[in-house]
Structures are given as structure tokens and as C-alpha cells.
Amino acid sequence: MFKKMMGVAVLAITLFTTEINAADFKNVCFQDSVQHYEPGKRYIFKVSSPTGEFANAIEYIAGDAKSRLILTSPHGGDLRPEFMHTRTKDFVVTADDNDYGDTESFASVSDTKTLELTEELAEEIKQTTGLRPHIILNHLHRSKLDANRAMSLAAQGDKNAEAAWKAFHQYIDDAKKQVAINGDGLVLDIHGNAHRPQRTEVGLLLKSKDFTAGDLESFADKSSVKAMVKSGKATMTELIKGDFALGTLLNNNGVVATPSKSIPNPIDPQVFPDGKYFNGGYNTARHGSKFSGNISAIQLEFNGDVRVNDAKRGEYVKSISKVINQFMNKYFYQL
């Protein structure tokens with residue numbers, strides 16, 4: 001059962017425009033729209049029932065003014081408010097946001113510990129670089145909201161879920177506007193996979209068969225990093241299997257990853273006989289540069305060893321944050 005807000009009338013899907021002064025809500029702002037986000041402050045979108053039960057569904061932790069990095073966690077939440085509809089695979093999907101894909105693929109299993117991984121990565125990056133990334137988190141369990149699908153399948157008609165879905169993507173859009181003040185930037189959409197043997201998968205929207213093609217450059221226009229290629233920052237070949245490709249950097253730092261210099265084909269049957277690969281979903285398409293803009297996006301699908309074990313995750317966080325810093329310095333900050 002979710003707590004009832006004391007002394008404040010809470011209406012369904014209603015947000016607050018003033019900061020809560022209670023000690024438990026220090027540095028937290030409940031709001032419907034904000035003209036100026038303060039770095040490090042937490043902005044919360046709440047869902048609620050007519051009886052006053054509520055859940056803090058979506059959270060945006062604003063990044064520093066000069067940051068060009070946005071981290072998102074759409075599937076790491078664990079809140080399952082009883083007043084919200086539970087998503088089912090039998091739902092009939094309507095056609096919406098078809099350009100971004102992922103309008104029919106149903107899943108309700110959460111990506112365990114990816115929310116924690118995202119926050120810990122952001123904190124480590126802040127500590128090592130002095131720049132706090134923007135962070136957008138979905139605290140609702142995937143059975144209530146899938147924030148990496150088009151709205152019809154993501155919310156299945158539940159008004160709270162629809163409002164939370166809109167808030168999740170609005171926060172990303174707001175963060176992208178902040179990043180764009182500095183020029184181009186990057187969204188990293190953080191996920192988890194259970195593929196065997198274990199590996200981390202880097203998704204650029206290319207299909208599995210594309211990696212065996214002779215000319216990787218021909219896939220730039222369909223990729224989520226189109227702006228990076230078109231601006232001359234990198235070639236598709238470099239971003240897939242170059243020395244500074246995310247997969248290559250991860251491998252160099254103890255995290256098995258594909259595509260990369262050493263494993264350029266994510267469905268190489270000699271390495272990964274299961275033939276599985278997540279190439280990027282709705283968020284990567286919508287918030288990357290495939291369709292417009294100069295903010296690129298990459299989906300990172302981390303294997304269980306990297307994220308699930310609380311005792312071991314800290315060391316992986318150090319390695320992964322080092323990789324992200326190397327990638328950002330190479331292609332965005334050019335330090």
C-alpha cells in the first residue's frame with residue numbers, strides 16, 4: 001500500500017508546482033512544468049488514485065549545465081501500484097509512433113538493478129569528471145509501464161501510465177534541450193539482458209545481418225548515431241568496431257561486449273550460438289539522431305554479472321564509467 005500525502009490534497013495524475021519542505025523530500029521538486037532545472041535537484045512525476053494513494057513514478061535528476069550526457073533507465077523500476085492496470089500480452093495495440101518502432105513487442109519482466117546501475121554510473125561520472133549527467137528514471141515496474149515502447153503498448157490505456165509515459169519522454173526532451181545549448185550530445189539507454197553466454201550488447205539500431213555487410217557506412221542513415229557520422233566525428237565502422245567504439249572500450253576494461261573490435265558480429269555463431277542480440281528500441285530511435293537533431297543515442301544491454309550482484313557492481317561501475325568518459329572525451333568534449 002502506498003503512503004498517503006499528509007496535509008496535501010492529491011488528485012489523480014496531478015503534480016505539484018512547489019517544493020516540499022519536509023526533510024524526507026529535501027532537494028525534491030514535484031511539478032508539472034519547470035522553466036529552469038537546477039543541477040542535482042530531483043524532479044518527480046507522481047501517479048495517484050482518487051483516494052490519495054500515490055507513487056513517485058518518474059524521476060529526473062538534472063545534470064550540470066555543461067554536461068552533454070543523458071542516462072536513462074526505462075525498465076529498472078519495481079513499483080506496482082494496485083490502482084494501476086497490469087499490462088497483458090493480449091492487449092490490442094493501436095498504431096502510434098510507428099516511425100520509432102517497438103509498437104507490438106510485449107514484455108513485462110523488469111531489467112533487474114538497472115535503475116541502481118544508472119544512478120551509480122551517474123555518481124561515478126560526476127566524481128571523476130566534475131560533470132553530473134542528466135538522469136531519467138522510471139520507478140514503475142514494467143508490468144505497469146514499459147517506458148521503451150510506443151504509448152499504446154506501453155500504458156495499455158491506463159491514464160496514470162499514459163501520464164507517466166509522457167513525463168518520462170518529456171524529461172528526456174527537456175534534458176536534450178539543456179544539452180543542445182552546448183552543441184551535440186549523447187543519450188545512453190540502460191538495460192539488462194539474460195542472454196547466454198553473458199555479454200553486454202551495444203545497440204545502434206542496426207539489424208543483426210547488417211554487421212556482416214561489406215560497407216558499414218551505408219547504414220549511417222538508419223542508425224541512432226547518424227549525427228555523429230554526418231558531422232564527421234566518426235565513421236560507422238569506427239563506432240561499431242574501432243578502437244574507441246563503446247564495445248571495444250568495454251572489452252578493454254573487463255566487460256565482454258559486442259559489437260566491438262574483437263567481436264564485430266553480435267550474432268557470430270562461434271561466439272554467441274544463441275543468436276540473440278538487442279539492437280536498440282523505441283527510446284534509441286526516438287531520442288537518437290536517426291530522424292533529426294544532433295543528439296545521438298545508444299542502447300546498452302548489460303549482462304547479469306555487471307548489474308545484479310550489489311557487492312560486485314561497484315567495480316563494474318568504475319570500469320563502465322571510465323569507458324563512458326573515454327567515449328565522451330573522444331567524440332563530444334574533445335579534451
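Student: What should I know about the model first?
Tutor: It is predicted, so local features need pLDDT of at least 70 and side-chain atom pairs count only at pLDDT 80 or more, while totals for chains, interfaces and linings use all residues. Residues are numbered from 1 along each chain as its sequence is written, and side-chain values use heavy atoms, with hydrogens and water left out.

Student: How many aromatic pairs does a search of the whole structure find?
Tutor: Nine. Rings of Phe, Tyr and Trp (its six-membered ring) pair if their centres lie within 6.5 Å. Planes under 30 degrees apart count as stacked, over 60 as edge-to-face and the rest as tilted.

Student: Why is the pair of tyrosine 37 and tyrosine 60 called edge-to-face?
Tutor: The ring centres are 4.8 Å apart and the planes stand at 70°, so the pair is edge-to-face. Tyrosine 37 lies in the loop between strand S1 (28–30) and strand S2 (42–48), and tyrosine 60 in strand S3 (residues 54–61). Strands (E, at least two residues) and helices (H or I, at least four) are DSSP runs, numbered from the N terminus.

Student: Why is the pair of tyrosine 60 and tyrosine 171 called tilted?
Tutor: Their planes are at 40° and their centres 5.5 Å apart, so this pair is tilted. Tyrosine 171 is in helix H3 (residues 159–180), so the pair ties together parts that are 111 residues apart in sequence. Tyr37, Tyr43, Tyr60 and Tyr171 form one aromatic cluster.

Student: How do you know that tyrosine 171 is buried?
Tutor: Buried means under 20% relative accessible area, exposed over 50%, partly exposed in between (1.4 Å probe, protein chains only). Tyrosine 171 has 4%, so it counts as buried. Tyrosine 60 is buried too, at 0%.

Student: What makes arginine 142 count as buried?
Tutor: Its relative accessibility is 8%, so it counts as buried. Arginine 142 sits in the loop between strand S5 (134–138) and helix H2 (151–155).

Student: Which ring does the charged end of arginine 199 sit over?
Tutor: That of phenylalanine 272, 4.3 Å from its centre. The rule asks for NZ of Lys or CZ of Arg within 6 Å of the ring centre and within 35 degrees of the ring normal. Lysine 330 lies over the face of phenylalanine 244, at 4.9 Å from the ring centre.

Student: Which residues line the largest cavity?
Tutor: Val202, Leu204, Val225, Leu239, Ala245, Leu246, Ile298 and Phe327. About 40 Å³ of space lies in that cavity.

Note on methods: On a 1 Å grid over the protein atoms alone, a cavity is a set of points where a 1.4 Å probe fits but cannot get out, and a pocket is an open set with protein on both sides within 12 Å along at least five of seven lines; lining residues have an atom within 4 Å of a point. Grid points are joined across faces, edges and corners, and a volume is the space filled by probe spheres set on the points.
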